[in-house]
Amino acid sequence: MSVFKNKFANANYLDLVPSKEYGHVIEENGLVSVLIPRFTNPFLVATVGRLLKSPNVKVKFDTFGTELWLEIDNKKSVGKIIENLKSKFGEDIEPAYERVTSFLTKIYKYKFITFNEINS
């Protein structure tokens, strides 16, 4: 949780509300692939982007990551997301708090998500 140390010194992680920074597609196997743009520079998008097969890189999630990603709706807190995942996966997700917060911290670090509390 050192990623949050400066920004959330007094925040309770379970009260934070995550928000997606990128879109996604659901693959044929039912799993989510997050779409990360290859370029953000408008010049590169216009010139090099046209030559590429796809303007995005796909980051594929497993079953757990897929369900967590789909729970992120810009309204639910981390605590509520954990409750929903525990209802869906039961004991298979345990230790739920550690797994979810670890995953969210990683995708926050890679800027797949942000938290509403940062933007307010």
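What share of the contacts in the protein between residues at least 6 apart in sequence join residues at least 24 apart? I looked this up before anything else, keeping in mind that the model is predicted, and I noted that 61% of these contacts join residues at least 24 apart.

**Overall layout.** I then listed the secondary structure and found five helices and five strands, which follow one another along the sequence in the pattern β-β-β-α-β-α-α-α-β-α. For the surface I wrote down an accessible area of about 7,700 Å², with 52% of this area belonging to carbon and sulfur atoms, and I noted that 32% of the 120 residues count as buried.

**The core.** I turned next to the largest nonpolar core, which has 24 residues, and I recorded that Leu68, Trp69, Val100, Leu104, Ile107 and Ile113 are those with the most contacts inside it. At least two residues of this core come from each of β3 (32-37), α2, α3 (78-89), α4 (96-109) and β5 (113-115), and the largest share, six residues, is supplied by α4.

**Trp69.** Leaving out residues up to four places away in sequence, I found that Trp69 touches Lys20, Tyr22, His24, Val32, Val34, Phe61, Ile107, Phe112 and Ile113.

**Glu71.** I also looked up Glu71, which lies in helix α2 (residues 63-71).

Key: Residues are numbered from 1 along each chain as its sequence is written. This is a predicted model: local features need pLDDT of at least 70, side-chain atom pairs count only at pLDDT 80 or more; totals for chains, interfaces and linings use all residues. Side-chain values use heavy atoms; hydrogens and water are left out. Helices (H or I, at least four residues) and strands (E, at least two) are DSSP runs, numbered from the N terminus. Buried means under 20% relative accessible area, exposed over 50%, partly exposed in between (1.4 Å probe, protein chains only). Contact means heavy atoms within 4.5 Å. Accessible areas come from the Shrake-Rupley method with a 1.4 Å probe; for residues, only the protein chains shown count as cover. A nonpolar core is a set of buried Ala, Val, Leu, Ile, Met, Phe, Trp, Tyr and Cys residues joined through side-chain atoms within 4.5 Å.
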